[in-house]
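Please open the model in your viewer and display it as a cartoon. The tour below moves from one selection to the next.

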Amino acid sequence: MLLICTRFSALAQSGQISGVIYDIHQKPLQGVSIFLPGLEKGALSNEEGAFSMQSVASGTHEVSFSLVGYEKKSQLVKVGPHQKKHLSVVLSENILNLQEFEVTSPALQETGTNRIDKLDLRLRPVNSAQDLLKNVPGLFIGQHAGGGKAEQLFLRGFDIDHGTDYAVFVDEMPVNMVSHAHGQGYADLHFVIPELIADASYNKGPYNTRMGNMAVAGNASFTTMTKPDRSFLKTEYGRFNSSRLLTVIDLIGEKKLFTSGFESAYVAAEHVYTDGYFESPQHYRRTNLFTKYSAVLNNRSFVSFSLSGFHSPWYASGQIPLREVTAGKLSRFGAIDDTEGGATSRYNVNASYTRDIGSDKSIRHNLYYTYNEFDLYSNFTFFLNDSVQGDQIRQREKRHMTGYKVVFTSTGSLLSKAALFEAGAGIRADFVHSGFDGSIRRRVLSTRSDAKIEEANYYSYVNETIKLSEQLTVNAGIRTDIFNYAVEDRAESSNNGQNRILRISPKLNFQYDASPNLQLYVRTGVGMHSNHAFVAVSRMPQNAIPKAVGADVGANFKIGQRAVANAALWSLHLQDELVFVGDELVYENSGASGRIGVDASLRYNIASGLWADLDVNYSRGRLLDEPEGQNYIALAPVLTSTGGLTYKSINSLNGTLRYRYMGKRAANDDNSMLTAPYFLVDAQLNYTRPKYEFGLSFLNLLNSEWQEVVYWSGSRLSHEAEPVNDFHFTPGTPLFIKAALTFFFRR
């Protein structure tokens with residue numbers, strides 16, 4: 001009884017500290033760590049920058065505020081009995097200071113999510129938003145259709161194709177396209193303007209309960225800015241008749257339209273053109289438009305609404321056979337069929353609303369709609385199937401995609417321990433009209449598939465993170481996904497059918513903060529990727545949605561005062577390597593697969609304003625149902641590495657020098673054919689003044705001859721009597737130099 005009275009007495013003498021955190025432009029800052037060292041209490045700011053800490057003992061306390069990329073700030077706060085102290089805090093942006101950086105956080109937060117440093121987002125060479133994915137350690141991309149198609153992805157021993165095993169989100173809206181005409185999980189980021197990305201994060205492995213379909217090798221999330229620092233006009237020009245024009249305009253400045261709190265509205269427009277480095281001009285064009293409105297309402301609600309869209313037509317030279325180049329009959333930049341290419345567009349409406357519904361509780365709603373058009377002409381086998389007219393194909397689709405998600409979060413206690421609870425539910429529905437045609441020089445000759453596909457994913461999840469002690473944090477979650485399929489193919493009735501599939505994916509993660517400079521972790525979980533709807537409704541004996549079971553054991557640690565590092569040992573088992581080959585309209589199942597690997601990375605602050613970074617990844621992947629020696633996973637990366645130097649002065653000069661290395665890979669299942677490795681060096685140099693910025697980009701600085709995408713497959717040329725197995729590749733860019741000039745102005 002005395003203990004109970006004492007506890008109630010203590011509560012009666014306590015107060016509350018809450019507030020909102022902004023940057024110098026009055027933009028709310030999410031993910032700020034708020035800590036009271038004397039009481040060992042912490043919190044994190046939510047999307048509208050708000051935070052709250054209950055049961056704060058009466059007295060004067062030091063409160064610290066820290067966020068990577070911003071200067072750390074502390075202030076004294078006096079709290080009286082029953083008093084609610086509300087703070088308004090402003091943090092100034094700062095470059096990464098590794099001397100102050102700690103690998104652990106005093107605040108309770110989810111485990112396994114890594115933020116991409118803003119310095120990397122701003123300074124690394126970028127030609128399109130797809131290049132932003134290269135900021136994920138160990139992730140490689142490759143373009144093999146003239147720049148208009150989504151890039152091919154490689155990570156953790158996976159040839160991910162265009163996104164089958166990697167989930168990508170922008171402002172919580174999914175990028176991946178299910179049952180796509182060209183490839184499952186097709187993730188085309190070209191509708192994003194790179195300069196608008198303010199924040200990015202990533203996970204490796206299937207360990208995040210929020211992430212469902214496609215999040216096997218990992219996932220990446222990008223967030224567009226809520227308010228531009230200032231309006232600007234940017235022009236670029238480079239080799240191969242390449243040009244770009246971009247403008248971002250702050251529409252309301254410091255004025256208020258609908259609320260007395262934070263409010264922002266801006267519009268951005270971009271146009272890109274290039275002939276490319278191939279002998280046949282690509283005539284690649286892309287036009288992007290984006291606008292966004294954001295506001296904080298009464299310090300309790302945050303609303304955001306955006307419209308975006310892009311359209312891009314182009315020609316491509318496609319993949320060419322190595323035998324013709326070796327024989328001197330074809331240039332590396334030549335083409336067998338230079339009428340490949342196509343046109344694509346995507347238009348999005350995205351809205352979110354977040355509201356605090358009580359002390360340390362919030363609810364978030366997200367609603368989106370996408371209209372997508374895709375038209376692609378390809379010729380991978382030349383005259384293998386049709387010796388007269390050739391094998392060109394056309395893949396097409398028109399898609400309506402809509403989705404809604406609601407997420408509830410609460411910071412409180414469980415079993416008398418600090419806990420963070422999250423529950424979410426949602427639906428994504430895709431209505432697709434897709435087709436597969438035979439063609440010659442973009443003239444349609446026949447139709448093999450003309451299908452209407454309805455695919456819906458209903459999901460829910462619960463996720464609990466509990467701090468069992470000052471050192472040990474445990475995260476447990478479970479996710480349920482239901483997939484509904486309906487297919488009606490007017491050209492091929494064998495594709496028709498309906499199906500419903502249930503998947504349950506548990507996750508369990510541990511994090512141990514041994515010291516401010518050492519964090520150990522174990523991550524485990526089950527994930528999945530869906531396959532094309534044709535597979536889901538067929539009677540073929542396979543898993544239309546194979547499970548993936550993974551585990552990571554690793555550490556984040558600081559070396560001295562100037563270096564931070566990460567090392568992880570991981571494994572991933574996939575129930576079926578079932579791939580929809582959109583180019584042939586067939587399915588290939590290689591059975592179960594297993595992958596193990598090691599990831600290691602290091603960032604070192606050499607001197608003030610100068611950093612070095614290194615990332616090395618090794619993976620070993622095998623097909624488990626095939627005999628030894630015949631069980632290699634074609635094109636799975638084995639050894640990859642990236643790294644470089646980054647410099648940012650206090651005044652005006654900044655830049656980076658970077659390398660990428662992709663080692664040899666098995667091109668077929670018996671490892672008798674190996675792809676050629678490549679080593680590339682890129683550079684970026686900027687000179688920034690208050691009213692303008694001048695920049696130079698150098699891609700493939702050493703002018704190396706390399707193969708960006710390569711396959712071992714059969715083909716036949718018009719003069720050949722029989723098919724030939726050979727390497728077919730898309731050459732990587734030669735030395736590409738681009739200059740940029742940006743003018744800053746205020747509205």
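R441 is placed in the loop between β27 (417–440) and β28 (443–467); strands are DSSP runs of E with at least two residues, helices are runs of H or I with at least four, and both are numbered from the N terminus. The phi angle of R441 is near 50 degrees, a positive value in a residue other than glycine.

A note on the model is in order. This is a predicted model, in which local features need pLDDT of at least 70 and side-chain atom pairs count only at pLDDT 80 or more, whereas totals for chains, interfaces and linings use all residues. Residues are numbered from 1 along each chain as its sequence is written, and side-chain values use heavy atoms, with hydrogens and water left out.

Next, select S179. Is this residue buried or exposed? At 1% relative accessibility, S179 counts as buried. Its loop runs between β14 (176–177) and β15 (186–187), and phi of S179 is near 50 degrees, again positive in a residue other than glycine.

Finally, select the whole protein chain. Four helices and 44 strands are present. Along its principal axes, the C-alpha trace spans about 95 × 60 × 50 Å. Of the 747 residues in the protein chain, 57% are buried.

How values were computed:
Buried < 20%, exposed > 50% of the residue type's maximum accessible area, 1.4 Å probe, protein only.
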